Amino acid sequence: MTLLAALFSHYRRHPLQLLALATMIVLATMLWTGVHHLTSQARASLDQSESAVAERQQVERKDGETVTVADFVELRRQGLCVMPWLEVSSSDGARVVGVDPLAAGCFENPDSEETPWRGELEGRPFVDISEAAELAKGQTGQLSLLISDAHSARDLPSAYRLAPFRVGPDTGELGDSFLLNLDALGVLVLLITALLVRSVYLLGMAQRRDSFALLHRFGVSRGRIDRLLVLEIMLLSLVCILPGIWLGRWLATGLGTGFGRALEGLFDQPLYAGQDGGWLMPLATMLAVVLVACLADFLRPLARRLPGDGQRYGLLLALILMGGIAMSVWVSTLIWLFVAVAVVFVAAGTLAPMLISRLADWRAGSDKDPLSRWRHRELSVLSRRLALPLVALQFAMAMVLAVQALVTTFESTFDRWLAQRLEADFYIEVPQSVDLAPAMDWLSEQPELAASGLWHRVVRGRATLPGGSNEAGTKVDVFALGPIGPLVTGWQLFESAARPWQSLQQGDGVMVNEQLARRQGVTTGQSLTMELGSQVFELPVLGIYPDYGRPAGEILLNTSVLPPDFIPGFQSLSISPGDLTIETITRQLKEIWRVEELTVRDNRAIENLASAIFDQTFLLTRAMTTLTLILAAIALLMMGWVFFSTRAWYFRLLVVWGLSRRQASGQLIRLSVSLTSATALLALPMGIWLTWVLVHRINPLAFGWSLPMAIYPGFWFELGVLSLLIGLSIALLMSRQLRSPASLPGNANALVGGER
């Protein structure tokens, strides 16, 4: 016990260091656990929904009417394996799916161990269909009848047909990339945590060097001291990580509602209840990070080389930095791009304190004012001794700057794009098996609509581009419009031929989205061969338009180009009624098509909902990055306070040399503000470069589309103000050291503050 008391007495003398270590471990664990818990839930939800409804088929009525319970009963009496699927919205706005587990029993294959429905239909949003039917009272519920893959169209009664069924659109790369971004944020949090924890730990080890030497003289072996230090950091980690995990799960629960709505709105996938990431993964991960940060020796040679001249070493790091930047420009795969980003981060983080130190030494050598020379020499010392927390702050600032620029750019771009796509006020779905021509004739005859041209028909389907690596050709989406009017002629185009919309109206060409243009190497003016139905067309490309958020390639053309045998996936009408009311239009369309109900969607409500969903998603991202920046700033403040306490005797020499306390405090303010401002300045180019990588490299490689590159100097100013506040806070802590007595250390170099 005497040995343990002597070894651990350091934290009784420096409780702030223990508080700094514990606080950083708890906060970092909370932040990373929250991100990990949310992404684990989301990834499990995506996988569960995909497996539950992959490649399913449903039964529809040929007369265009919606299926009912009576249809379900009729089909079951015919011996068909069908199951009802009722989707409604609960009181909290979440989606609920009502199913009949008994009816799902016939989907199981007795010859296979796999049961495609068992397990996937347990827990929210899946409930018993009776509960969903109660929720559906007083609101619209959508009933579908799923049928086993063992049945074909020949098995159905004559009044029914088969149709594909999916819960929502194929998320493809988009959903995975969305979660990958959050995972990347979590990795960066771990990196910053390791830098901060190691910086505090190394400072404590330097201050305990004399204690270790004294214990060694009394017969305690170095190996035993090392083992006790490992035990010490493991116990501290466990004590701090466990409450951090609990706080992280609490954070995930608080953000879960908004994140779940964002997930469902973006990808039509609910965040399932009951998906638990567990405690073992966060515990093992954070324990490994803390142990590596505190006990690894591979950073010590690097730390020893920073104070030296090391001109060749700095040149080597500069070459590595330029090589990483060159890699980020030329590589064509995501994995190598991530490697390039890692290389740039490592090289830039190592060079940053060296650069500040060299510049400060250069200024000190050329400055004739003694106080300025002292201040620059002291800045050189601080940049070396506080290298790790300064690099962590630099990384955090660069990350926040890049994420802020990306999110702000995406918000403005998305708002413009969504306004274009939802230019019409209302969207009316065309029922199956109805003749659209009489309805279009009636719309053309209305003077209120004919004068403004604020309506068009929308046809969605699939086309094939012959050639390529696939013998069957490349499947792309078809987006056909007609007539071409003011609702679309204001769209933004990346590049276009002369008078593109007039040519599209005449059926003399097509437009393609950015995704298709990148993947197929399509340019404006080039002829594009496509197969629509049974016919092959070769039309010139009139323009390339942005299509954010979708991984699929798409062709935009006039409906007049579609051949008679083209099979549309669905059709709709986009209408801005003007002086007419939507009720008048829908009433007339019901009479023309002889249907009782029409699906009418208010595009303004959809636009508001979509904007709210994206705002929630961006809020989550901003919250995570801001918490990371706050963590780095607090760590630097703690480190500054602990480190400056070791240099209090040197700061008091300013008063001994004739400066007043106010003048000495002013010198310390200039010193600390110079340190944090230099860090912010070095973070600025790194943040701009990271923004460029996200916009022009990662997005096109992962999604197939890019965002416009935009920078926001106003946010640079905000980061500058933040660095100023951090510097002033450090200066305040340093000034407090001047008021307390400080004795001359017996051996100046025994403390980390001994360098002069």
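**A colleague's note on the predicted model**

1. Let's start inside the fold. Tyrosine 201 touches Leu21, Leu229, Glu232, Ile233, Cys294 and Leu295, leaving aside residues up to four places away in sequence; contact here means heavy atoms within 4.5 Å. Residues are numbered from 1 along each chain as its sequence is written, and side-chain values use heavy atoms, with hydrogens and water left out. This is a predicted model, where local features need pLDDT of at least 70 and side-chain atom pairs count only at pLDDT 80 or more, while totals for chains, interfaces and linings use all residues.

2. Tyr201 also belongs to the largest nonpolar core, which has 31 residues; Val197, Tyr201 and Ile225 have the most contacts inside it. Helices H1 (2-8), H3 (15-53), H6 (172-207), H7 (209-217), H8 (222-267) and H9 (280-295) each give two or more residues to this core. Apart from it lies another core, of 29 residues, including Leu379, Val403, Leu675 and Phe715. (A nonpolar core is a set of buried Ala, Val, Leu, Ile, Met, Phe, Trp, Tyr and Cys residues joined through side-chain atoms within 4.5 Å; buried means under 20% relative accessible area, exposed over 50%, partly exposed in between, with a 1.4 Å probe and protein chains only.)

3. Leu379 leads us to helix H13 (residues 370-385), where Leu379 is buried, as are Trp374, Arg375, His376 and Glu378, among others. H13 has 16 residues and reaches 22 Å from its first C-alpha to its last, close to the 22 Å expected at 1.5 Å a residue; the expected span is 1.5 Å times one less than the number of residues.

4. For the overall picture, the protein chain has 24 helices and 16 strands. These are DSSP runs numbered from the N terminus (helices: H or I, at least four residues; strands: E, at least two). Of its 756 residues, 50% count as buried.

5. Finally, a word on confidence. The chain's mean pLDDT (the predictor's confidence in each residue, from 0 to 100) is 75, and 74% of residues reach 70 or more. Confidence is lowest in helix H10 (residues 299-305), at a mean of 45, and highest in strand S11 (residues 510-513), at 93. Over residues 298-309, pLDDT stays under 50. Where pLDDT is low, the predicted coordinates should not be read in detail.
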